[in-house]
Amino acid sequence: MSKLDKEVSHEQSQAGLMEEKYGFQFDLEILSSAYWQHKGWYLAPAFCTWLRMAMEDPDRRTEVVLLACGSFNPITNMHLRLFELAKDYFHETGKYKVIKGIISPVGDAYKKKGLISANHRVTMAKLATKNSDWVEVDDWESCQSEWLETLKVLRYHHQKLLSAGVTNSLQDAGPITKLGRKRKQEPNSHEPIKKKNQSQAVKSVPQVKLLCGSDMLESFGIPNLWKLEDITEIVEKHGLVCISRAGNNVQKFIYESDILWRHKDNIHLVEEWIPNDISSTRIRRALRRGQSVRYLVPDGVRAYIERHGLYSADSEGSNAGVPLAPLQKHLPEPSQPLSS
Ligand SMILES: Nc1ncnc2c1ncn2[C@@H]1O[C@H](COP(=O)(O)OP(=O)(O)OP(=O)(O)O)[C@@H](O)[C@H]1O
Ligand SMILES: NC(=O)c1ccc[n+]([C@@H]2O[C@H](COP(=O)(O)O)[C@@H](O)[C@H]2O)c1
Ligand SMILES: [Zn+2]
């Protein structure tokens, strides 16, 4: 190792220690002044290289998995856009790295009017995402015989990542993370079980954030639809990213709710500046009327709908008069108002 390498390596380990103690911003400031005062200009190129490496180090960003829950009856181009918009938003903050998107179609037991079988909805979602290298469809929720609260779906996916993290960390027991640093703990970013001598090798588990449109966020205010403790855990432990949708005023909605206001830092609002109010309801309506849905849903989905003759007046009548599962499930409990 050359003298210069040794100097840089020493500064890097100092930076590691300082980050643990004070955080990223501070360590860079301290280091830069230390360099200019004590080392002199001859170290400038090495310092610049290190600084660039440190700034570009993707491990500094919190990893995020986006989970979208809904009927996807059928999946539309706008559902896919939600993921792109949320990913751009998180990357623009410089603090987060979106590593995966998950589409979780609701099970048949949800009993929403016009809901066709989960088999078809899952297949269409898979067709829609087949060209995406980061969004995938998970059928665990749709395979459950009973309807599941969204919080349980979030917990399931977080737990799954946690187990995968433990497995990975056991496999990677050897190497040490870049610069031998640990990441700061964030909500829902749990550290998997650590073994002695292995703490430096363990990566924290990504956060699972609920991705939704503003109508879903505003549905938190519908009496008996959501349990207050579920909403609290979603915004407190997981976090939410909400894409604007015509007709909603989420900022006001958050302002009027004490719970949402308290956790507003964990509620990411994304403005869609190229609004396109496609909805599955409108797609189904067009299909019933024999109108084209081309360019509104992916071509593979359109072909699948045609091939299987999906979405007719008959299918729209399914579950008519049947209470929505969450309303049925939560009705006996005394309702607590979200707003106060
Ligand atoms: N055009 C859109 N803009 C923003 N969010 C949307 C849009 N379309 C759907 N979403 C969001 O996608 C998620 C899944 O929605 P869902 O399956 O209910 O689709 P939808 O188009 O709202 O269907 P439906 O008309 O049957 O209610 C929800 O969080 C919803 O808010
Ligand atoms: N209490 C809850 O957890 C709760 C209540 C209502 C809807 N949801 C979910 O929100 C989504 C709403 O989808 P739709 O907009 O298609 O009805 C579904 O995934 C549904 O399971 C969850
Ligand atoms: Zn909807």
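1. The largest pocket in this structure is the space taken by ligand 2. Keep in mind that the model is predicted.

2. The shell around ligand 2 holds 14 residues. The closest are S71, Y110, K112, W147 and L225. By type, the shell divides into eight nonpolar, four polar and two charged residues. Two elements, β1 (62-70) and α14 (325-330), each supply at least two residues of that shell.

3. Now the polar contacts of ligand 2. The side chain of Y110 places an N or O atom 2.7 Å from an oxygen atom of the ligand. T150 uses its backbone: a polar atom there is 2.9 Å from an oxygen atom of ligand 2. L225 also takes part through its backbone, with an N or O atom 2.9 Å from a nitrogen atom of ligand 2. Taken alone, ligand 2 exposes 500 Å², and the protein buries 89% of that.

4. Next, backbone geometry. Most peptide bonds are trans, and most residues other than glycine have a negative phi. The bond from N73 to P74 is cis, with omega near 5 degrees. P74 sits in the loop between β1 and α4 (77-93).

5. K111 has a positive phi, near 65 degrees. This residue belongs to the loop between β2 (96-105) and α5 (118-128).

6. N224 is another non-glycine residue with a positive phi, here near 70 degrees. Its place is the loop between α7 (214-218) and α8 (228-238).

How values were computed: Residues numbered from 1 in each chain as written. Chains lettered and ligands numbered in written order. Predicted model: local features only at pLDDT ≥ 70, side-chain atom pairs only at ≥ 80, totals over all residues. Heavy atoms only, no water. Near = heavy atom within 4 Å. Polar contact = N/O pair within 3.5 Å; in protein donor to acceptor, adjacent residues only side chain to side chain. Areas by Shrake-Rupley, 256 points an atom, 1.4 Å probe, with all protein chains shown as cover. 1 Å grid on protein atoms, 1.4 Å probe; cavity = no way out; pocket = protein on both sides within 12 Å on 5 of 7 lines; lining within 4 Å. Sits in = over half its atoms within 2 Å of the grid points. Helix = DSSP H or I, 4+ residues; strand = E, 2+ residues; numbered from the N terminus. Nonpolar A, V, L, I, M, F, W, Y, C, P; charged D, E, K, R; others polar.
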